[in-house]
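Visitor: Please take a close look at how the secondary structure is put together here. Give the cut-off behind each term as you use it.

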Amino acid sequence: MAGDIVPIELGLTDGNLFTLWAPRWREGDDEWEAFLGLDEDLYGFDSVAALAAFVRTDDDNDLADHPQWPTIRELQAEELIPDDKHSYDLIGVPELAAEDPRGEVVAELEDALEITRIIGEVCELTPVTKFFTANPILGAVAVGTQNFHGREGVDLWVRIGRLIAKHWDDVIDALDDVVTSPDVDAEALGIAVGELDAAASAEDEDEPEFDPVDPLNDEDDTEDDEDDDTDEDDTDDEDDVDEGFWGEVGIDPIRIYTDAGEFLTLRCYLGDNPVFLGDKGTIYGFASERSLTRFLAGHNDHALARVSTYDQVQSMANAGELTYDVLPENVYALPGLDEDILDGPRRVDQRQLDLAVELLTDAADFAKIDSVDEALGTTTPLGWFVDYAVKPDPNRLAPSGPFDNESEAWRALVNDFEERLVRRG
């Protein structure tokens, strides 16, 4: 399963530049990581509109072969605005390292150093890679504030600050040299600017307007309250209407990616208990919507058949009217996570890991086995790793490598799950 392409903002000498970053993804046995660019150039744009215009009109770049590239090209311009987590003030790193090592300062410095290191590796920038390999104490920043307590901790923080102050100009020069801003299509740029303006206007309209209130006029307030109550009731009714068929029956189509391929199946919850399309702990997976529909139409010998709404599902299947719109939160990708774990919690796709944990936990509950809960308990190395990766906190002690045991423990959980995922069509 391919990872995402992430919009990022880089604060460099020429100002804030916008580009795209594809964290590591796999194609067959090959692993890749890339930024928007071509050959030795990393493309950076002075506005989100210019980035959107370029993405929509160019296919000659290092991300064009990424599985998510067609999706990126269809995004609205406002969807390419980087979030706070992916906005990096690289020019300000020396000043940041000169501050006191508070949690938020250490976290921001860690993020800035990490994205700089990745750019250096991907773009093969010798001054950048040399800076990190020659100064391993920079890795102390990845552990949060824990390393910077007491006299020795303060001394370590000061040493890191001095290293950055001495060498960071060379790092920035290398980054400046690799960044280029290609021309963008004028018509596409105008369209993107219009989209951003429209989005900003819509956001302004959504902000509540407060009229002056006469404290002596209670009658108007009462009438307004009654009107508000009526509007809320109407809104609630509207929200209740369009649930879709799967929402009405309380069952979700889910899609699972494993090393063996792609599977489509169903799951629901009875109270807190997950129930899959399967039996006795085995989950039935299907290669296509057609084969899943055919199975549902002709079988009642599975756990999901005991759900009260299953008759409606079977009726729709027999009528050939079922469609399977899988929500993003019901898509689970397992391949590659064991290898990502080897590189530490900062290199794991947080959302992908969180969803994978949900799937493995639900499947174990369905099979009535405790192996997943035991392996992911916070007292185990893997449990500590997963908890930190999914809920990072700069004030907590980060897991320390090597992570071979954690990767092996995760691989064992996935293998056990895959043995209970059986292809039926």
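Guide: An open sheet of three strands has the order β4-β5-β7, with mixed pairing. Strands (E, at least two residues) and helices (H or I, at least four) are DSSP runs, numbered from the N terminus, and two strands pair if DSSP finds at least two bridges between them. The edges are taken by β4 (37-38) and β7 (179-180); each has a single partner strand, so one side of each is left without a neighbour in the sheet. β4 and β5 (residues 41-43) run antiparallel and are joined by two bridges, and L38 has D41 in β5 as its bridge partner.

This is a predicted model, in which local features need pLDDT of at least 70, side-chain atom pairs count only at pLDDT 80 or more, and totals for chains, interfaces and linings use all residues. Residues are numbered from 1 along each chain as its sequence is written, and side-chain values use heavy atoms, with hydrogens and water left out.

Next, a helix pair. Helix α5 (residues 126-133) packs against helix α6 (residues 150-178) at about 155°, the axes being 8 Å apart; axes are lines fitted to C-alpha atoms, for helices over the stretch in contact, and angles run from 0 to 180 degrees between N-to-C directions. That makes α5 roughly antiparallel to α6 (over 145 degrees). On the α5 side P127, V128 and F131 make the contacts (heavy atoms within 4.5 Å), and the residues they meet in α6 include L163, H167, W168 and L175.

The other sheet is also open: its four strands follow the order β10-β9-β8-β13, with mixed pairing. Its edge strands, β10 (273-276) and β13 (331-333), each pair on one side only. Neighbouring strands are turned by 30° against each other on average, direction ignored. Eight bridges pair β8 (residues 251-258) with β9 (residues 261-270) in the antiparallel sense, and I251 has C268 in β9 as its bridge partner.

Helix α13 (residues 350-367) lies across β8, β9, β10 and β13, at about 85° to β10. Of its 18 residues, 13 are buried (under 20% relative accessible area, 1.4 Å probe, protein chains only). From first C-alpha to last, α13 reaches 26 Å, close to the 26 Å expected (1.5 Å times one less than the number of residues). At its start, a side-chain oxygen of D349 comes to within 3.1 Å of the backbone nitrogen of R351. After α13 comes K368, with a positive phi near 60°.

Methods: Buried means under 20% relative accessible area, exposed over 50%, partly exposed in between (1.4 Å probe, protein chains only). A polar contact is a pair of N or O atoms within 3.5 Å; within protein, one must be able to donate a hydrogen and the other to accept it, and residues adjacent in sequence count only if both atoms are side-chain atoms. Angles under 35 degrees count as roughly parallel, over 145 as roughly antiparallel, 65 to 115 as roughly perpendicular and the rest as oblique.
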